[in-house]
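Subject: Handover of a structure

Dear colleague,

Please find the structure for your files below.

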Amino acid sequence: MFSRQLIFPTLALLSIASLSLSKAKVLEGDLWAQESAPAKDDDGIYNSSPKWNEGKKMIAKEDMRIYYGGGKVEIRAGDKYWTDDSGKILVGWHGTVSPPLGMDTLPMVNE
């Protein structure tokens with residue numbers, strides 16, 4: 001089972017994914033996966049994307065983990081999330097996914 005950590009207490013009412021420090025599949029200094037990366041790596045962890053204009057809403061059928069910003073973001077089974085056209089998961093500011101939020105705490109996708 002995943003442990004959940006809230007990034008900002010003021011955002012507690014939002015469904016915010018937690019970040020855990022670990023090796024990530026992103027380039028140093030980047031938040032999201034490389035364009036050429038597959039949607040899901042061989043280790044079963046998904047890659048992230050900032051392609052907001054391609055956002056397609058999905059419902060997680062199982063718990064999921066996504067590489068983002070030097071760590072991993074978690075999505076719980078039953079939570080909403082968005083993908084780009086390649087199947088990568090859209091991850092917003094501070095690891096938000098349901099929905100992915102911008103720095104202004106507004107959704108980056110159409111709900």
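Threonine 105 has a relative accessible area of 42% and is therefore partly exposed; a residue is called buried under 20% relative accessible area, exposed over 50% and partly exposed in between, with a 1.4 Å probe and protein chains only. Its place is the segment after strand E9, and its phi is positive, about 65°, although threonine 105 is not a glycine.

The model is a predicted one, in which local features need a pLDDT of at least 70 and side-chain atom pairs count only at pLDDT 80 or more, while totals for chains, interfaces and linings use all residues. Residues are numbered from 1 along each chain as its sequence is written, and side-chain values use heavy atoms, with hydrogens and water left out.

Overall composition

Of its 111 residues, 39% are buried. Among contacts with a separation of 6 or more, 47% are between residues 24 or more positions apart, where a contact means heavy atoms within 4.5 Å. The accessible surface comes to about 6500 Å², and carbon and sulfur atoms account for 54% of that area; such areas come from the Shrake-Rupley method with a 1.4 Å probe, and for residues only the protein chains shown count as cover.

Strand E3 and its partners

Strand E3 covers residues 46–49 and runs parallel to strand E5, residues 64–68, to which 2 bridges join it. Strands are taken to pair if DSSP finds at least two bridges between them. Tyrosine 46 has isoleucine 66 as its bridge partner in E5. E3 is also joined by 2 bridges to strand E8, residues 89–90, and these two strands run parallel as well. In this second pairing, serine 48 has isoleucine 89 in E8 as its bridge partner.

Asparagine 47 also belongs to E3. Its relative accessibility is 0%, so asparagine 47 counts as buried. The side chain of asparagine 47 reaches the backbone oxygen of proline 38 at 2.7 Å, and with the side chain of aspartate 41 it makes a polar contact of 3.1 Å. A polar contact is a pair of N or O atoms within 3.5 Å; within protein, one must be able to donate a hydrogen and the other to accept it, and residues adjacent in sequence count only if both atoms are side-chain atoms.

Side-chain links between loops

The count of salt bridges is 1, the rule being a side-chain nitrogen of Lys or Arg within 4 Å of a carboxyl oxygen of Asp or Glu. Glutamate 35 and lysine 51 form this link through their side chains, at 2.5 Å from N to O. The pair joins distant parts of the chain: glutamate 35 is in the loop between strand E2 (19–21) and E3, and lysine 51, 16 residues away, is in the loop between E3 and strand E4 (56–59). Glutamate 35 is exposed at 58% relative accessible area, whereas lysine 51 is partly exposed at 24%.

There are 2 aromatic pairs. The ring centres of tryptophan 32 and tryptophan 52 lie 6.2 Å apart with the planes at 80°, so this pair is edge-to-face. Rings of Phe, Tyr and Trp (its six-membered ring) pair if their centres lie within 6.5 Å; planes under 30 degrees apart are stacked, over 60 edge-to-face, and the rest tilted. Because tryptophan 32 is in the loop between E2 and E3 and tryptophan 52 in the loop between E3 and E4, the pair ties together parts 20 residues apart in sequence. Ring pairs link Trp32, Trp52 and Tyr68 into a cluster. Tryptophan 32 is partly exposed, at 24% relative accessibility.

The segment after E9

Methionine 108 lies in the segment after strand E9 (96–98) and is partly exposed at 31% relative accessibility. Not counting residues up to four places away in sequence, methionine 108 touches Trp52, Pro100, Leu101 and Gly102. Glycine 55 is 53 residues from methionine 108 in sequence, yet their C-alpha atoms are 8.9 Å apart in space.

Backbone points

Most residues other than glycine have a negative phi, and most peptide bonds are trans. Histidine 94, in the loop between E8 and E9, has a positive phi near 55° and is partly exposed at 27%. The peptide bond from serine 98 to proline 99 is cis, with omega near 0°; proline 99 is in the segment after E9.

With kind regards

Definitions and conventions. Helices (H or I, at least four residues) and strands (E, at least two) are DSSP runs, numbered from the N terminus.
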